[in-house]
Amino acid sequence: VDGWVEIAGGEAWLHGVHIPEYTQGTWTNHAPRRKRKLLLHQHEIDRLAGKSGEKGHTVVPLELYFVRGRAKVEIALARGKREYDKRQTLRAKQDEREAQRAMSLRLNR
């Protein structure tokens with residue numbers, strides 16, 4: 001939910017993603033929320049660094065899955081919402097909430 005990719009020193013690092021511990025593991029288990037290095041080609045890192053440097057853009061993880069004991073992460077370049085988009089979304093949520101409240105009051109009578 002709160003994960004992001006940081007590009008520093010020519011390397012890509014995954015932050016804020018919870019990868020659960022191995023249940024049968026011992027003291028050698030990993031920390032579930034530590035930062036992790038992403039294995040990408042240099043041209044991919046350069047392209048993502050250039051695009052994410054623009055205002056309002058960031059690299060986020062979309063999907064996490066396991067293949068032969070390795071965690072694979074699907075990442076994407078994302079653009080944040082504009083201020084008017086946020087207001088519109090809040091207004092739609094509030095309208096939906098009020099409609100649900102009115103329906104439940106009508107059904108409870």
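G16 sits in the loop that runs between β2 (11-15) and β3 (36-38); strands are DSSP runs of E with at least two residues, numbered from the N terminus. The model is predicted, so local features need pLDDT of at least 70 and side-chain atom pairs count only at pLDDT 80 or more, while totals for chains, interfaces and linings use all residues. Residues are numbered from 1 along each chain as its sequence is written, and side-chain values use heavy atoms, with hydrogens and water left out.

G16 counts as partly exposed because its relative accessibility is 23%; buried means under 20% relative accessible area, exposed over 50%, and partly exposed in between (1.4 Å probe, protein chains only). Residues up to four places away in sequence aside, G16 touches D2, G3, W4 and R33, where contact means heavy atoms within 4.5 Å.

R36 belongs to strand β3. R36 is buried but has no salt bridge, and the nearest side chain of opposite charge, E21, is 8.4 Å away. A salt bridge would need a side-chain nitrogen of Lys or Arg within 4 Å of a carboxyl oxygen of Asp or Glu. The R36 side chain does make a polar contact with the side chain of H30, at 3.4 Å (a pair of N or O atoms within 3.5 Å, one able to donate a hydrogen and the other to accept it).

The largest nonpolar core has 8 residues: V5, A12, L14, V17, I19, L38, L48 and V59. Such a core is a set of buried Ala, Val, Leu, Ile, Met, Phe, Trp, Tyr and Cys residues joined through side-chain atoms within 4.5 Å.

Methods. Helices (H or I, at least four residues) and strands (E, at least two) are DSSP runs, numbered from the N terminus. Lys and Arg count as positive and Asp and Glu as negative; His and the chain ends are not counted.
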